[in-house]
Amino acid sequence: MKTLTFDVAVIGAGSAGMSAYRAVKAHGKTAVLIEGGPYGTTCARVGCMPSKLLIAAAEAAHAADEAPGFGVHPGPVRVDGKQVMQRVRSERDRFVGFVVESVESINPAERLYGYARFISPGCLQVGDDIQVMAERVVIATGSTPQIPAELRGLGTRVITSDDIFERDDLPESVAVVGAGVIGLELGQALQRLGVRVALFGRSGRVAQLDDAAINQSAIDGIGADLDLRLNTSVVSARVVGEQVEFVSRDKDGKERTEHFQYVLAASGRTPNVQKIGLENTGLQLNPQGIPLFDSLTMQCGNSAIFIAGDADNDRPLLHEAADEGRIAGDNAVRFPEVVAGLRRTRLMIAFTDPQIAVVGQTSSELKPRQFEVGQVSFANQGRSRVMRQNRGLLKVYGERGTHRFLGAEMVGPRAEHIGHLLAWACQSGMTVGQMLDMPFYHPVVEEGLRTALRELKENLLKEEDAIEHCTDCTPGT
C-alpha cells in the first residue's frame with residue numbers, strides 16, 4: 001500500500017473541486033485532486049453547455065416557424081436530427097476539452113485517478129493501493145441524475161440529461177418526467193426540433209417557482225407549444241417492443257395510456273456522497289445522508305472536512321459551485337480559523353421560451369409586512385411586441401422603510417439579461433429609487449422593468465400622496 005501525504009485532499013475535479021484546489025495552491029499549500037470519473041465538469045459535459053447547444057438549434061427552427069408572423073415566408077423547415085446532434089456533441093467536446101486541458105496541466109504528483117473513500121477523517125483510500133493522508137479534506141463529488149423507482153425497469157429506454165447528448169439522432173417521441181428547469185429546457189427544445197413530447201410534473205409548479213401568478217404565466221407561455229401535464233403522476237412504465245407503454249394519472253384520478261420511444265428522467269439530481277465512507281468521519285448527516293454544513297464557510301460541523309458544489313445539494317449551479325469550492329479551499333487552509341466567504345445574490349435562469357429568472361428573495365421567503373410589490377405584464381410592452389415575444393410577467397420586491405430592492409421573479413423575454421441587472425442591483429444594496437435613476441434606453445425590454453420599479457416605488461410610498469406616472473412614459477413602458 002502506497003501512502004501519500006498532503007495538506008489538503010480535494011475529492012472531485014468538477015467546478016467546485018477545481019476551484020478548491022486552486023484556492024489551496026494560492027495559499028502555497030500542498031493539495032491532491034482526486035477524481036474517479038471522466039474529466040470535464042457537469043456543466044461542460046452534460047449540463048449547461050450541451051443543453052444550450054440543443055436549445056440554440058431549437059430556437060433556429062422556431063424562428064423559421066415564427067417568421068410568417070413578420071410577413072417573412074421561408075420554405076418548409078426540415079430538421080436533420082443527426083446534424084443537430086453532431087453539432088451538439090462536437091461543440092460540447094470542444095468545451096470539455098478546455099476543462100480536461102486544465103485538469104491535465106496540474107502536476108501529476110498532485111493528481112490521482114480513482115474513487116476515494118474515507119477510512120478516517122484524515123485518511124482516504126483511493127483505489128486498491130493508495131492511501132492519502134490529509135489533515136483537511138474538501139468533498140466536491142458532484143451529483144448524479146435521479147431515476148424514479150417506477151422508471152428503473154426500462155433499461156435503455158429511460159434516459160437522463162447525462163445520456164441524451166451522446167445520441168447520434170433525435171428520438172421520435174419522449175415522455176419527460178419532471179417539470180424543473182432541466183425538464184422544461186430539454187422538453188421544449190426537443191419539441192421544437194420535431195420530437196413528439198409530453199412533459200409530466202407531479203405538482204402544479206414549474207421550475208420551482210414560488211409566486212402563483214408568475215408560475216401561471218410560465219405555464220401559459222411554455223405550454224403554448226409544449227404538452228404540459230402538471231399535477232400528474234406516473235402510474236407505470238414498461239417496455240413493449242420498441243416502445244415504452246406509459247401510464248399516467250391526472251389530479252382527477254383519470255388514467256391515460258400512451259406509447260413513447262423513450263422516457264427522459266428529469267426529476268432532479270442526487271449528491272454523490274453515498275459511497276465515500278462518510279460513516280467513518282463522525283460527521284452528522286441530514287436525512288438525505290449529506291453532512292451538516294455551514295453555507296457561509298462550507299465547513300462540516302466543527303471538523304476539518306468541507307463540502308462544496310452539487311455534493312451539498314444547496315445551490316446546484318455552476319457559479320455557486322465555483323464560489324463554494326473557493327470558500328471551502330480557503331477555509332481548509334485556514335482551519336481552524338475559518339471565515340465566512342462571499343455568497344452572491346441568488347440568480348437562477350431557465351433558458352426556456354419565455355425565459356425564467358429568479359433573483360434574490362422571493363415573495364414566499366419574505367415576511368408579509370416586510371415588503372411591497374411592483375409588477376409589469378409584457379403583453380403590451382413595446383419592444384416585446386416588436387419582437388412578437390410579448391408574453392410573461394415580472395414582479396419586483398422592495399423593503400418597506402428602507403426602499404431597498406430585495407428580489408424579483410420573472411417570466412418573459414430577455415430574462416437572462418434582466419436577471420443579471422437585478423442581481424447586481426440586489427447585491428449592491430441599491431434602493432428602488434437608485435435603480436430608477438439609472439439610464440433606460442428606448443425601445444428596449446428593460447423599459448418593462450422600469451414600469452415595474454415605478455409601481456413598486458409608488459407602493460412603498462403609498463402612505464404619501466399618490467405619485468403620478470412620469471410624463472416621459474413612452475410606448476416602451
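Accessible areas here come from the Shrake-Rupley method with a 1.4 Å probe, and for residues only the protein chains shown count as cover. By that method the protein chain exposes about 21,900 Å², with carbon and sulfur atoms supplying 50% of it. This is a predicted model, in which local features need pLDDT of at least 70 and side-chain atom pairs count only at pLDDT 80 or more, while totals for chains, interfaces and linings use all residues. Residues are numbered from 1 along each chain as its sequence is written, and side-chain values use heavy atoms, with hydrogens and water left out.

**Overall build**

- The protein chain has 11 helices and 22 strands. Helices (H or I, at least four residues) and strands (E, at least two) are DSSP runs, numbered from the N terminus.
- The C-alpha trace spans about 75 × 65 × 45 Å along its principal axes.
- Of the 477 residues, 52% count as buried. Buried means under 20% relative accessible area, exposed means over 50%, and partly exposed lies in between (1.4 Å probe, protein chains only).
- Among contacts with a separation of 6 or more, 65% come from residues 24 or more positions apart. Contact means heavy atoms within 4.5 Å.
- The chain carries 50 positive and 59 negative charges, and their mean positions are 2 Å apart. Lys and Arg count as positive, Asp and Glu as negative; His and the chain ends are not counted. The place of a charge is NZ of Lys, CZ of Arg, CG of Asp or CD of Glu.

**Helix α1**

- Helix α1 covers residues 15-26. Its end C-alpha atoms are 17 Å apart, which agrees with the 16 Å that its 12 residues should span at 1.5 Å a residue. The expected span is 1.5 Å times one less than the number of residues.
- The buried residues in α1 are A16, G17, M18, S19, A20, Y21, A23 and V24.
- These buried residues pack against β1 (2-11), β2 (31-35), α4 (81-104), β6 (130-139) and α7 (318-334).
- Just after α1, G28 takes a positive phi of about 80°.

**Helix α5**

- Helix α5 (residues 181-192) has 12 residues and reaches 17 Å from its first C-alpha to its last. That is close to the 16 Å expected at 1.5 Å a residue.
- In α5, 10 of the 12 residues are buried, so the helix is largely enclosed by the rest of the structure.
- Charged residues E185 and R192 are on the buried list. The list also includes V181, G183, L184, L186, G187, Q188, A189 and L190.
- G194 follows α5 and has a positive phi, near 95°.

**V176, a buried strand residue**

- V176 is found in strand β9 (residues 173-177). It counts as buried, at 0% relative accessibility.
- Not counting residues up to four places away in sequence, V176 touches G183, G187, V197, A198, L199, F200, L264 and A266. G183 and G187 are also among the buried residues of α5.
- The C-alpha atoms of V176 and L228 are separated by 9.6 Å, and the two residues are 52 residues apart along the chain.

**R315, a partly exposed loop residue**

- R315 sits in the loop between β17 (305-307) and α7. Its relative accessible area is 28%, so R315 is partly exposed.
- Leaving aside neighbours within four places in sequence, R315 is in contact with E320, E324, R343, R344 and R346.
- R315 and T30 are 285 residues apart in sequence and 28 Å apart in space, C-alpha to C-alpha.

**Backbone points to check by eye**

- The peptide bond from D353 to P354 is cis, with omega near 0°. P354 is in the loop between β18 (347-350) and β19 (355-360).
- The peptide bond from H442 to P443 is also cis, with omega near 0°. P443 is in the loop between α10 (432-436) and α11 (446-460).
- N231 is not a glycine, yet has a positive phi of about 50°. N231 lies in the loop between β11 (227-229) and β12 (233-240), and is partly exposed at 31% relative accessible area.
- R388, a residue other than glycine, has a positive phi near 60°. R388 lies in the loop between α8 (382-386) and β21 (393-399), and is partly exposed at 39%.
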